[in-house]
Structures are given as structure tokens and as C-alpha cells.
Amino acid sequence: YNSIDIQGGEPTIYPHIFELIEYCNKIQLKPTLITNALVLNNYETCKKYKDAGVYDFLISVQGIGDIYDEITGTKNGSIKQIQALDNLNKLDIPFRFNTVLSKEVLPLLTDIAKIAVNKKARVCNFIAFNPFSDQKDREFKNIAKYSEIAEVLIPVIDYLNENEIEVNIR
């Protein structure tokens, strides 16, 4: 083993996160944090992660602007994420994107891809929601069909490939 994904909930709220990152490095594990990145809008906080030895961040980009804020229930969350990406770039900390392909997000995929290119994401992961049998009573109004996803996602994949950003689809 040479790497570890630290996730939650939200791992950045763990009070001993910097010590955990340092320990991972000490035992030769490259620590990645799977995060919404909202606290990374503070430059000094980003610097603490770099100093602790974070390998990279896997950032949950669940929309842009008001759509992100509505989906996540976070006021100004999208603005904070963009600032976080700028801080990560200034500090040369690599990052990747995770985006769930909900109906609300599909119209924003091209814009998310443009942000990935402009802000220098290394990878974009696109995740289709797969309902399980234990969720049969759940309302699926925001879950896109694969045919809806493909129509939007194929040109986005081409665009990201042209810009040398790795794409993974689950």
C-alpha cells in the first residue's frame, strides 16, 4: 500500500486532521482528502495542509453557483470552492474532481469541465447514481437515465481528453 483516501462526512472538520496527514506520510502513505473543499477557501488553511504533507484533494463538485448551493445546502459554497481551487493552484497542491451526474448537474457539465481545465484539475470522476434494492421506496426524480447522461457527457469527455485531463466514469 502506498496511498490512503481520508473521507467522512467531511474530513477537514476532524480536529486532528493535520496530525493524521503527517502520520500517513511518516508511514509512507500518500494522503488524499475527499472533501467539499469549503475550508480551503482560506489560504492559510490550505498552507497548513501543504505543510502537513497532503498528497492531493479529491473535491466534490456537485454543481456551480446557485445549483451547487441548493444541492449541498451551503450558502456561497460554489464561490468558496472556486477560491479554494485558486489557493490550491497558488500552493501547487494537486486536486481532482468528483461529480455526481444528477439531473440538476447535467446542464452544468460543460462548465464544470471548463473549470477543471482552467483551474488545472488532474482528473475528473463522473459518478452515475446507482439505486440499490434497499432504496426501492426512494423518489428518483433527480436521477438521470444513462441515455440522458451520455448525450451530455460524451462531448465533455472529448473536451477533457483534448486538454489532457484524465476522465473516469462510474
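Me: How many disulfides does the structure hold?
Reply: The structure holds zero disulfides, a disulfide being a pair of cysteine sulfur atoms within 2.5 Å. This is a predicted model, where local features need pLDDT of at least 70 and side-chain atom pairs count only at pLDDT 80 or more, while totals for chains, interfaces and linings use all residues. Residues are numbered from 1 along each chain as its sequence is written, and side-chain values use heavy atoms, with hydrogens and water left out.

Me: How do you know that cysteine 46 is in no disulfide?
Reply: Look at the nearest cysteine sulfur: that of cysteine 24 is 18 Å away, and the cut-off is within 2.5 Å.

Me: Why does cysteine 46 count as buried?
Reply: Buried means under 20% relative accessible area (exposed is over 50%, partly exposed in between; 1.4 Å probe, protein chains only). Cysteine 46 has 0% relative accessibility, so cysteine 46 counts as buried.

Me: Why are strand 1 and strand 6 said to stand at the edges?
Reply: Two strands pair if DSSP finds at least two bridges between them. The open sheet of six strands has the order 1-2-3-4-5-6, with parallel pairing. Strand 1 (3–6) and strand 6 (166–169) each have a single partner strand, so one side of each is left without a neighbour in the sheet.

Technical notes: Helix = DSSP H or I, 4+ residues; strand = E, 2+ residues; numbered from the N terminus.
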